[in-house]
Amino acid sequence: VWRHPRSLEQRSRLPLANWGGRCIFAEACCFLPANESSNGQPRRRADGEEKGPVRADGSGSAYNSEGCLMYARDNLFECNGSSSCVTSCFNRVVGRGVWAKLQVFKTVGRGWGVRSEHPLRAGSFVCEYTGEMLLDSDAEAAGLAVDDSYLFNLDGEEKGQVSKRKKTSPTDRSVSASALTESNPELCVDASRIGSVARFVNHCCEPNLFVQSVFVEYSRRVHRIALFAARDIVAFEELTYDYGYVVGSVKDKTLKAFAARRAAAASSSDGGAAAANPS
């Protein structure tokens, strides 16, 4: 959600990914985010530059014909409104939205949790972490760094990964200095007051989900924070992912982590009881 004045100003400066009517199904993993020298458009990876595993036909497709992500990537691009392909295109997964039937339920000792009413295949798109878009400086000014439980960094462009826990020290930034300028500040997603079901997904050291940065509308900085199944998941097994939080990096911060095998056993033992509605 874009509603903070400074984030809205930043949004107006973000370049859109324009594919000129082209479907990029076979090229989804062949691009890097735009930079100052690419005229605002995604950059094609140089020959020999790492783009992850490719299909047998040599293409850089991200998904198979069933819409499952084949490999975790540093980042990938999906077809969007500038592509002429149909909405059922294999390269429109995150952009189409959530299809899984998810439940928010009360866990034992960890607050709310999330599970699926049906089995999920490895590589399936599960949900997207959404909330209010903020500049890091505005999140700090609002005191959100005091309890950053619902803050998610949009730093997948530089790091090839995204992390749930926001970096609270200016000296602890992994983003390149050239990428952070007055007109291109670091952004984060705040789900403390508004957000998707993903805000209730708990942390686990042995998770069954993983986070993937997916560019849909924009060509840089703002990517979707998508959660995919890391393995086959049985119905009513609690969904978890690794928050990427470094123990001891934030004073007085603790995480209630649990082993995936115990979580699966607990989920199956309750017979998939009906979910409670959080208030």
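The sulfur of Cys204 lies 6.2 Å from the closest cysteine sulfur, which belongs to Cys205, and this is too far for a bond. A disulfide is defined here as a pair of cysteine sulfur atoms within 2.5 Å, and the structure holds zero disulfides. This is a predicted model, in which local features need pLDDT of at least 70 and side-chain atom pairs count only at pLDDT 80 or more, while totals for chains, interfaces and linings use all residues. Residues are numbered from 1 along each chain as its sequence is written, and side-chain values use heavy atoms, with hydrogens and water left out.

**Cysteines**

- Cys30 is in no disulfide, and the nearest cysteine sulfur, that of Cys29, is 6.8 Å away.
- Cys30 counts as buried because its relative accessibility is 8%, where buried means under 20% relative accessible area, exposed means over 50%, and partly exposed lies in between (1.4 Å probe, protein chains only).
- Cys204 also counts as buried, because its relative accessibility is 0%.

**The chain as a whole**

- The secondary structure of the protein chain comes to four helices and 13 strands; helices (H or I, at least four residues) and strands (E, at least two) are DSSP runs, numbered from the N terminus.
- The protein chain has 279 residues, and buried residues make up 49% of them.
- The protein chain exposes about 13,100 Å², of which carbon and sulfur atoms supply 52%; accessible areas come from the Shrake-Rupley method with a 1.4 Å probe, and for residues only the protein chains shown count as cover.
- Among contacts (heavy atoms within 4.5 Å) between residues at least 6 apart in sequence, 69% join residues at least 24 apart.

**Nonpolar cores**

- A nonpolar core is a set of buried Ala, Val, Leu, Ile, Met, Phe, Trp, Tyr and Cys residues joined through side-chain atoms within 4.5 Å.
- The largest nonpolar core has 29 residues, and of these Tyr129, Leu209 and Tyr241 touch the most other members.
- At least two residues of this core are supplied by each of β6 (125-128), β7 (132-135), β9 (187-190) and β12 (224-229), and β12 gives the most, with three residues.
- Apart from this core lies another one of 13 residues, and among them are Leu69, Val94, Ala226 and Phe228.

- β12 is mostly covered, since six of its six residues are buried.
- In a regular strand the side chains alternate between the two faces of the sheet.
- Both faces of β12 are covered, with Arg224, Ala226 and Phe228 buried on one side and Ile225, Leu227 and Ala229 buried on the other.
- Two strands pair if DSSP finds at least two bridges between them, and β11 (residues 209-215) pairs with β12 in the antiparallel sense over six bridges, with Val211 having Leu227 as its bridge partner in β12.
- β6 and β12 run antiparallel and are joined by three bridges, and the bridge partner of Phe125 in β12 is Phe228.

**The sheet β7-β9-β8**

- Three strands form an open sheet in the order β7-β9-β8, with antiparallel pairing, and its edge strands, β7 and β8 (151-153), each pair on one side only.
- Neighbouring strands of this sheet are turned by 35 degrees against each other on average, direction ignored; axes are lines fitted to C-alpha atoms, for helices over the stretch in contact, and angles run from 0 to 180 degrees between N-to-C directions.
- Four bridges join β7 to β9, and the bridge partner of Leu135 in β9 is Leu187.
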